[in-house]
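Please load the model shown below in a viewer and keep the sequence panel open. The tour moves from one selection to the next and says what is found at each stop.

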Amino acid sequence: FSNTTINGMDASGKTVDEVKKLIEIGMSGYRLTVEGREGLREEIAGVYVGLFPEYDGSLEQILAVQNPYLWGLHWKEGTSHSVEVLAGFDQEKLQTVVEGLVCMDEDAQRPPADASLSEYIPGTGYEIIPEGDGTQVEPEIVLEGISEGIRNLKDKVSLEEMGAYRRAAVTAQDPQLQARAEAW
């Protein structure tokens with residue numbers, strides 16, 4: 001119908017195939033930003049992972065339920081639809097792109113530092129030195145998080161939010177470390 005939008009795109013008078021073509025054109029410029037610690041920002045262009053749309057039949061369903069006798073209402077009021085378009089990609093290309101990211105460079109990664117006890121401080125004793133965040137990542141978590149981000153056409157993903165960074169084995173809240181600090 002006239003005055004119809006699908007996912008914010010004007011679909012007035014278009015066939016299902018024409019709308020799919022517009023979605024494909026929109027996806028051609030897709031980029032995913034990967035954010036990490038210490039200001040790390042990297043981009044993955046959809047073209048490098050063989051990005052393509054996957055449809056669930058929603059477009060065809062929208063067309064099938066249109067009642068031609070109600071075209072006047074749609075012309076006057078308009079109709080807005082939202083369809084879920086999931087993205088597919090070439091898994092091997094994605095693997096290659098992810099392995100080439102700066103955050104995946106093992107030489108540039110810093111392991112997390114465990115919490116520890118300080119040297120003796122006269123008048124105070126020993127203090128707990130908190131654990132330190134590193135930049136070492138779990139490759140499987142990074143790959144899965146980026147895959148999920150691309151599949152859902154997100155603008156950005158955060159390595160921190162996806163839990164991709166390795167954590168220190170001993171934290172400042174460790175009961176054994178706290179007991180040792182008190183005992184000493």
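Select Leu153 to begin: this residue is found in the loop between helix H5 (139–151) and strand E10, where helices (H or I, at least four residues) and strands (E, at least two) are DSSP runs numbered from the N terminus. The model is a predicted one, in which local features need pLDDT of at least 70 and side-chain atom pairs count only at pLDDT 80 or more, while totals for chains, interfaces and linings use all residues. Residues are numbered from 1 along each chain as its sequence is written, and side-chain values use heavy atoms, with hydrogens and water left out.

Stay with Leu153 and inspect its backbone: phi is positive, at about 50 degrees, although the residue is not a glycine. Most residues other than glycine have a negative phi. Leu153 has a relative accessible area of 26% and is therefore partly exposed; buried means under 20%, exposed over 50%, and partly exposed in between (1.4 Å probe, protein chains only).

Next, select Glu38, in the loop between E3 and E4. Here too phi is positive, at about 60 degrees, in a residue that is not a glycine. With a relative accessible area of 60%, Glu38 is exposed.

Now display strand E3 (residues 31–35) together with E10: the two pair in the parallel sense over three bridges. Thr33 stands opposite Lys156 in E10.

Move to helix H1 (residues 16–27) and select Lys20 within it. Is Lys20 buried or exposed? Its relative accessible area is 17%, so Lys20 is buried. Leaving aside neighbours within four places in sequence, Lys20 is in contact (heavy atoms within 4.5 Å) with Tyr55, Leu59 and Glu60. Draw a C-alpha to C-alpha distance from Lys20 to Leu59: the two residues are 39 apart in sequence and 8.5 Å apart in space.

The next selection is Gln109, placed in the loop between helix H4 (91–99) and strand E8 (116–117). At 14% relative accessibility, Gln109 counts as buried. Show its surroundings: residues up to four places away in sequence aside, Gln109 touches Cys103, Met104, Thr135, Gln136 and Val137. A polar atom of the Gln109 side chain lies 2.8 Å from the backbone oxygen of Cys103.

Finally, zoom out to the whole protein chain, with its six helices and ten strands. The radius of gyration, taken over C-alpha atoms, is 26 Å, well over the 16 Å that the globule rule gives for 184 residues, so the chain is more spread out than a compact globule; the rule is 2.2 Å times the number of residues to the power 0.38. Along its principal axes the C-alpha trace spans about 90 × 35 × 25 Å. Of the 184 residues, 34% count as buried.

Methods. Pairing = 2+ DSSP bridges. Polar contact = N/O pair within 3.5 Å; in protein donor to acceptor, adjacent residues only side chain to side chain.
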